Amino acid sequence: MDGANLYEQIQKVRAYEGIKGPTNLNTRYLFEDIPTGLVPLSCLGKALGVKTPTMDAVVELGSALLGRISRPRSDVGTSGLAGLSAEEIRRVLIA
C-alpha cells in the first residue's frame, strides 16, 4: 500500500472497506466480554491450577481503560466451584 504513513496505508486496504469498528472505549467488547467471558475463564483456570497470564493482562488492561475493576471479589467462591478438585469441576461443568 502506498501512503505517507501507516494510517494512510491501512485506510487503503480493500479488505477493510466497509468494516465499522468501535469509535470509543465504551463498547461491549470491553464492558461485557471481559467481565462475563474472560474473568470467569481466568477464575476457572485459577481453580484448576492453569495459569492464564495473557487473559489476566487483558482483564487488567480493560479494567484500567474502563476505570473500573472487572474482577469479582472472590474468584470461584460464589460459583459453587470453590474447593473442588479439577476432576470434580470437570464433572460439574460437563454434567
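This is a predicted model: local features need pLDDT of at least 70, side-chain atom pairs count only at pLDDT 80 or more; totals for chains, interfaces and linings use all residues.
**View 1. Overall make-up of the chain, which has 5 helices and 0 strands.** Read from the N terminus, the elements follow the order α-α-α-α-α. The chain comprises 95 residues, of which 16% count as buried, and its accessible surface amounts to about 7300 Å², with 58% of that area belonging to carbon and sulfur atoms. Among contacts in the chain with a separation of 6 or more, 47% are between residues 24 or more positions apart.

**View 2. The crossing of α3 and α4, which is left-handed.** The axes of these two helices come within 9 Å and cross at roughly 145 degrees. On the α3 side the contact is made by I34, L38, V39, L41 and S42, and on the α4 side by M55, D56, V58, V59 and G62. Sorted by class, the residues in this contact of α3 with α4 are 7 nonpolar, 2 polar and 1 charged.

**View 3. T52 in the loop between α3 (33-48) and α4 (53-66).** T52 has a relative accessible area of 13% and is therefore buried, the cut-off for that class being under 20%. When residues up to four places away in sequence are left out of the count, T52 touches S42 and G45.

**View 4. The polar contact between the side chains of T52 and S42.** The distance for this pair is 3.4 Å. S42 is also one of the α3 residues that make the contact with α4, while T52 itself has its place in the loop between the two helices.

Technical notes
Residues are numbered from 1 along each chain as its sequence is written. Side-chain values use heavy atoms; hydrogens and water are left out. Helices (H or I, at least four residues) and strands (E, at least two) are DSSP runs, numbered from the N terminus. Buried means under 20% relative accessible area, exposed over 50%, partly exposed in between (1.4 Å probe, protein chains only). A polar contact is a pair of N or O atoms within 3.5 Å; within protein, one must be able to donate a hydrogen and the other to accept it, and residues adjacent in sequence count only if both atoms are side-chain atoms. Contact means heavy atoms within 4.5 Å. Axes are lines fitted to C-alpha atoms, for helices over the stretch in contact, and angles run from 0 to 180 degrees between N-to-C directions. A crossing is left-handed if the near helix is turned anticlockwise from the far one by less than a right angle, and right-handed if clockwise. Ala, Val, Leu, Ile, Met, Phe, Trp, Tyr, Cys and Pro count as nonpolar, Asp, Glu, Lys and Arg as charged, and the others, Gly among them, as polar. Accessible areas come from the Shrake-Rupley method with a 1.4 Å probe; for residues, only the protein chains shown count as cover.
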